[in-house]
Amino acid sequence: MKQVKIQIPSLVENIRVVESFIDNSKDTFHIEDDIYGNIMVAVTEAVNNAIRHGNKFDKDRNVYLSLYVDKDRVKFEVEDEGEGFDYTDLLDPTAPENLENPGGRGIFLIRHLADEVEFTKDGRNVQLTFLLAPAETDESSATDTVSSENAA
């Protein structure tokens, strides 16, 4: 398993650093375009939450971002130095009474974009797992071609 870690001070402008980190990871680890968009939105949202809600914009507190790459998945871990929160008791942003609320959609969005989401450390740590498409081998390509010809 390959691993890369960065830490950033809790400043909203550091979201650009996170975006660059994700872009570099996409190129380095050959992450496919179809999940790249999901990763970019979900991970930047998690970091944004860590800066805003976890560390409360305190530039003396850091956000830690780690990436773990395995053959069939990539996992991003975001951790802040805040007090944590009750991630088991969140309002449903799709409920009619919550539609007009200005916030509350971030974790909902993260849960829909990532294949797995796990909170630990009283909500100060979130792990987002994205499954990778299995690499196609020459053997499977040949099988597909033969199958197509037989079907004709």
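Ser-25 sits in helix H1, residues 15–29; helices here are DSSP runs of H or I with at least four residues, strands are E runs of at least two, and both are numbered from the N terminus. The model is a predicted one, in which local features need pLDDT of at least 70 and side-chain atom pairs count only at pLDDT 80 or more, while totals for chains, interfaces and linings use all residues. Residues are numbered from 1 along each chain as its sequence is written, and side-chain values use heavy atoms, with hydrogens and water left out.

With a relative accessible area of 4%, Ser-25 is buried; buried stands for under 20% relative accessible area, exposed for over 50%, and partly exposed for what lies in between, using a 1.4 Å probe and protein chains only. A polar atom of the Ser-25 side chain lies 2.8 Å from the backbone oxygen of Phe-21. Leaving out residues up to four places away in sequence, Ser-25 touches His-30, Ile-31 and Leu-67, a contact being heavy atoms within 4.5 Å.

As for the chain as a whole, it holds 4 helices and 5 strands, and these come in the order β-α-α-β-β-α-β-β-α along the sequence. Of its 152 residues, 37% count as buried. Among contacts with a separation of 6 or more, 61% are between residues 24 or more positions apart. The accessible surface is about 9500 Å², and carbon and sulfur atoms own 49% of that (Shrake-Rupley method with a 1.4 Å probe; for residues, only the protein chains shown count as cover).

Helix H3 runs over residues 106–113, and its buried residues are Gly-106, Ile-107, Ile-110 and Leu-113. Looking down the axis of H3, these buried residues fall within an arc of 130°, so they line one face of the helix; the arc is taken from the directions from the helix axis to the C-beta atoms. Behind this is a simple bit of geometry: an α-helix has 3.6 residues a turn, so residues three or four places apart point the same way. The cover over the buried residues of H3 includes helix H2 (33–54), strand E4 (116–120) and strand E5 (125–131).

Strand E5 also holds Leu-131, which is partly exposed at 37% relative accessibility. Beyond its neighbours within four places in sequence, Leu-131 is in contact with Ile-35, Asp-72, Arg-73 and Asp-115. Lys-71 is 60 residues from Leu-131 in sequence, yet their C-alpha atoms are 9.3 Å apart.

Next come the rings. Rings of Phe, Tyr and Trp (its six-membered ring) pair if their centres lie within 6.5 Å, with planes under 30 degrees apart called stacked, over 60 edge-to-face and the rest tilted. The count comes to 4 aromatic pairs. In one of them, Phe-76 and Phe-130 have ring centres 6.3 Å apart and planes at 80°, so the pair is edge-to-face. Phe-76 belongs to strand E3 (residues 73–79) and Phe-130 to strand E5, so the pair ties together parts 54 residues apart in sequence. Phe-76 is buried, at 1% relative accessible area, and Phe-130 is buried at 1% too. Phe-85 and Tyr-87 also pair edge-to-face, at 6.2 Å centre to centre and 75° between the planes. Here Phe-85 is partly exposed at 32%, and Tyr-87 is partly exposed at 26%. Together with Phe-119, Phe-85 and Tyr-87 form one aromatic cluster.

Technical notes:
Polar contact = N/O pair within 3.5 Å; in protein donor to acceptor, adjacent residues only side chain to side chain.
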